[in-house]
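Dear colleague,

I am handing over the model that we discussed, and my notes on helix packing and aromatic pairs follow below it. Please read them with the structure open beside you.

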Amino acid sequence: MKISPLQEARANYQPKMPEILSGELHTSDGAPTESVSDQEEIKKLFPNTYGLPLVTFEKGKGAGNVHPLNVGVILSGGQAPGGHNVISGLFDGIKQIHRDSRLFGFLMGPGGLVDHKYIELTSDIIDEYRNTGGFDIIGSGRTKLETKEQFDKGLTILRELGISALVIIGGDDSNTNACVLAEYYKKIDAGVQVIGCPKTIDGDLKNAQIETSFGFDTATKVYSEMIGNIQRDCNSARKYWHFIKLMGRSASHIALECALKTQPNIAIISEEVEAKNQSLDDIVTHIAGVVADRAAEGNNFGTVLIPEGLIEFVPAMRLLISELNDLLAGESEAFAETGKDEQLEFIASRLSTENAAIFRSLPETVARQLAAERDPHGNVQVSLIETEKLLSGMVATKLAEWKKVGKYTGKFATQHHFFGYEGRCAAPSNFDADYCYTLGYTAAQLISSGKTGYMSSVRNLTKNVTEWVPGGIPITMMMNIERRHGELKPVIKKALVELDGMPFKTFEENRSKWARETSYIYPGPIQYFGPSEVCDQPTSTLLLEHL
């Protein structure tokens, strides 16, 4: 198979690891933990895996397994740079524990476990995928593991292969499923451990113990390179306003990180919109104001960053979407049988008076996008909603009104972009290559120590890799109760942008200047070879959070 020179060079990269993981070690258990909220409800739902202690490692001979381990691994949900290195670290970790250990990959996500589709991952296969992007080593999928029938079907193949531990690499929903699976297997004494790994480019799976999810570093560097390229073009042609939608359904971490890296004229942060109870018109007025001010200085160009989940954070729209989710979950069959021309009225006639009025006021394209098929977790597929075009169209209308009264004298021409899939499968940055390999290796140590219901964790990430602190965090510690598909369910709590945190405050302090002036930064492509200050730096978000 022909590969690129970069692939060939990256294949020889040996990820750096924390010093503590070299040589023999044993686990050290901390104090019992509790969930972030809804403690009594979560404890009742997870009696066998609730209250587990935080786990760290110490040097010295442990009491863990020294016999061969048969381990299964699943890639779940959307792709994120570094997944292959998690599997590589897991493989090397279990081989270090015992050379006869074996790793089995279930194909195309959790569905592979249920349908008994798998391959054994040998060293020849693993070596081909080290330090590469994508999830193509075994594929990924979005099948939810949530029923006893699925758990039992999975257990059949696990027992057939002699697998005593399963590693699920995924985001908050996937790790919620891992937690449920760990609880069930513990309850029936199945003899199968379940360990999760924190994956999502969105950056919303984090807390005090999970400092960042893997893939966020690489994806934001890819997006920032493209934003920088557009800003260079923007500053050269000086005739377009570029509306750029970025990944981030439930949080604006990507938009904020890219803003810190590139210094655009405008970046909308969804969490701020919600906190200030802003309407769509408030957002549009703000953008139009910046456009008019720059036009007055002869600058009829600029960049606007928009998180893809923005529409759900506008309070009035969020109430509408919540009611829409419940309605479409409860009347899915009747809706499916309704003709396309009647579907919008079918919805409007069943909504509350206030939400029906908002729904009817939307452009038809946006209304249909809001009514589109939900994702497997019951959420609106916000990536399908062309928020960037909605906002630019509304800004154009407002500017036309201002021009009539002499409030605006410029020219407003637009270009639209959505950066999503471009960042999900890039070759991982050095940071993600090291971080992911360490997560996988740490998962192997947690398995060897007999842990289940844990997420692999690495802390102290702004320090030199040798000083990173690997360990494990009980998944129940991250759980709360939320409404999904019209029902209250236990899920991992998403981490949103904190408006009193240093990343947002740094952005807030500078955005007025960035709006008026052309202060663009052009980050350029990810560098894999060269000085550490160029190649190994973590995200601006992570650095600011640990000042």
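**Helix packing and aromatic pairs**

The axes of helix 3 (residues 83–97) and helix 19 (residues 430–448) come within 7 Å of each other and cross at roughly 40°, where axes are lines fitted to C-alpha atoms, for helices over the stretch in contact, and angles run from 0 to 180 degrees between N-to-C directions. That makes helix 3 oblique to helix 19, given that angles under 35 degrees count as roughly parallel, over 145 as roughly antiparallel, 65 to 115 as roughly perpendicular and the rest as oblique. Helices (H or I, at least four residues) and strands (E, at least two) are DSSP runs, numbered from the N terminus.

This is a predicted model, in which local features need pLDDT of at least 70 and side-chain atom pairs count only at pLDDT 80 or more, while totals for chains, interfaces and linings use all residues. Residues are numbered from 1 along each chain as its sequence is written, and side-chain values use heavy atoms, with hydrogens and water left out.

Helix 8 (residues 216–237) and helix 9 (residues 253–262) pack at an angle of about 50°, with their axes 9 Å apart, which makes helix 8 oblique to helix 9. Helix 8 passes helix 9 in a right-handed crossing. Residues of helix 8 including Phe216, Tyr223 and Ile227 meet residues of helix 9 including His253, Ile254 and Cys258, and the contact of helix 8 with helix 9 divides into five nonpolar, six polar and three charged residues.

The axes of helix 13 and helix 16 come within 10 Å and cross at roughly 105°, and the two helices are therefore roughly perpendicular to each other. Here Ala316, Met317, Leu319, Leu320, Glu323 and Leu324 of helix 13 meet Asn355, Ile358 and Phe359 of helix 16.

In helix 15 (residues 340–348), Gln343, Leu344, Phe346, Ile347 and Ala348 are buried (under 20% relative accessible area, with exposed over 50% and partly exposed in between, for a 1.4 Å probe and protein chains only). These buried residues of helix 15 pack against helix 13 (315–330), helix 14 (332–336), helix 16 (353–361) and helix 17 (364–370).

As for the aromatic rings, the count comes to twelve aromatic pairs, where rings of Phe, Tyr and Trp (its six-membered ring) pair if their centres lie within 6.5 Å, and planes under 30 degrees apart count as stacked, over 60 as edge-to-face and the rest as tilted. Phe243 and Phe412 form an edge-to-face pair, 6.2 Å centre to centre with 85° between the planes. This pair links distant parts of the chain, 169 residues apart, with Phe243 in strand 8 (residues 241–246) and Phe412 in the loop between helix 18 (387–404) and strand 11 (414–419).

With kind regards

Technical notes. Contact = heavy atoms within 4.5 Å. Left-handed = near helix turned anticlockwise from the far one by under 90°. Nonpolar A, V, L, I, M, F, W, Y, C, P; charged D, E, K, R; others polar.
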